Amino acid sequence: MSKMDVDYASAYSNILLGDGTIVYDSQNSSNMNSLIAEQFRSDKSRQEFDNLTASNADFLMDVRLNGAGLYHQFYAPIPAGDQTWWSVTSVSDTDVLASANRSVLIMTIIEVLALALIVTAIIYILRQTLRPVEKLVTVAENISRGNLSVEVDVETTGEIGELADTFRR
């Protein structure tokens, strides 16, 4: 069983003659020699099928099948001499939505993890940046109390480093 079979257990394919007769059904061989339109629940779906196959171009139909739920069916024409046969690939709406929901869940988990990583990085950078400022505030408080012999233990560059050098003088 391939990965595709597991993810889309409802997937199956048909080969149709130009009039919609099923000549191959990967899911149910008893459907062979019947019309695919007989599987549609509504006359509207049957009419839509007739209109779309008349165009001899690829198309997608969402149909409710007898004995099943909603199916997405992709039709591709197969030129066969002076006739057009059809390749039909079908998958249930439930399988398609399950796959989409799984993708959304995975993306949500990745986004939450990325956000947590970004917040952690920001907190780390802020602490590294503010630690010298906190030390300088302590030095300034000691100086304001009259303790001029306080040591300035700040090793950094940029404006904070310049301020620390000013306190050391």
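## Threonine 53 and its contacts

Leaving aside residues up to four places away in sequence, threonine 53 touches Phe59 and Trp86 (contact means heavy atoms within 4.5 Å). Threonine 53 is found in helix α2; helices are DSSP runs of H or I with at least four residues, strands are E runs of at least two, and both are numbered from the N terminus. Threonine 53 is buried, at a relative accessible area of 11%. Buried means under 20% relative accessible area, exposed over 50%, and partly exposed in between, with a 1.4 Å probe and protein chains only.

This is a predicted model, in which local features need pLDDT of at least 70 and side-chain atom pairs count only at pLDDT 80 or more, while totals for chains, interfaces and linings use all residues. Residues are numbered from 1 along each chain as its sequence is written, and side-chain values use heavy atoms, with hydrogens and water left out.

## The sheet

An open sheet is formed by 5 strands in the order β2-β1-β5-β4-β3, with antiparallel pairing; two strands pair if DSSP finds at least two bridges between them. The edge strands, β2 (22–25) and β3, each pair on one side only. On average, neighbouring strands of this sheet are turned by 25° against each other, direction ignored. Such angles run from 0 to 180 degrees between N-to-C directions, with axes as lines fitted to C-alpha atoms, for helices over the stretch in contact.

β1 and β5 run antiparallel and are joined by 5 bridges; serine 13 stands opposite threonine 89 in β5. β4 and β5 pair in the antiparallel sense over 10 bridges, and the bridge partner of proline 79 in β5 is threonine 84. These two strands, β4 and β5, form a hairpin with 2 residues between them, and glycine 81 in the turn has a positive phi of about 65°. Between β3 and β4, the antiparallel pairing covers 6 bridges, and aspartate 62 has histidine 72 in β4 as its bridge partner.

## Helices on the sheet

Helix α2 (residues 43–53) packs on the sheet and touches β1, β3, β4 and β5; the direction of α2 makes about 170° with that of β3. Helix α3 (residues 93–144) lies across β4 and β5, running at about 55° to β5.

Ser45, Phe49 and Thr53 are buried in α2. They cover an arc of only 60° around the axis, which puts them on the same side of α2; the arc is that of the directions from the helix axis to the C-beta atoms. An α-helix has 3.6 residues a turn, so residues three or four places apart point the same way. The buried residues of α2 pack against β1, β3, β4 and β5, whereas the face turned away from the buried side of α2 carries the exposed residues Asp43 and Lys44.

## Nonpolar cores

A nonpolar core is a set of buried Ala, Val, Leu, Ile, Met, Phe, Trp, Tyr and Cys residues joined through side-chain atoms within 4.5 Å. The largest has 15 residues, and those with the most contacts inside this core are Leu16, Ile36, Phe40, Phe49, Met61 and Tyr75. Two or more residues come from each of β1 (12–16), β3 (59–64), β4 (70–80) and β5 (83–92), with β3 giving the most, 3 residues. A second, separate core of 5 residues includes Leu136, Val152, Val154 and Ala164.

Not counting residues up to four places away in sequence, isoleucine 36 touches Asn14, Leu16, Gly20, Ile22, Phe49, Gln73 and Tyr75.

## Aromatic pairs

A search of the whole structure finds 5 aromatic pairs. Rings of Phe, Tyr and Trp (its six-membered ring) pair if their centres lie within 6.5 Å; planes under 30 degrees apart count as stacked, over 60 as edge-to-face and the rest as tilted. The rings of phenylalanine 59 and tyrosine 75 are stacked, because their centres are 4.5 Å apart and their planes are at 10°. Phenylalanine 59 lies in strand β3 and tyrosine 75 in strand β4, so this pair ties together parts that are 16 residues apart in sequence.

Phenylalanine 59 is buried at a relative accessible area of 7%, and tyrosine 75 is buried at 0%. One aromatic cluster is formed by Phe40, Phe49, Phe59, Tyr75 and Trp86.

## Positive phi in loops

Most residues other than glycine have a negative phi. Asparagine 33, in the loop between β2 and α2, has a positive phi of about 75°; asparagine 33 counts as exposed, at 66% relative accessibility. Asparagine 56, in the loop between α2 and β3, has a positive phi near 55° and is partly exposed, with a relative accessible area of 43%.
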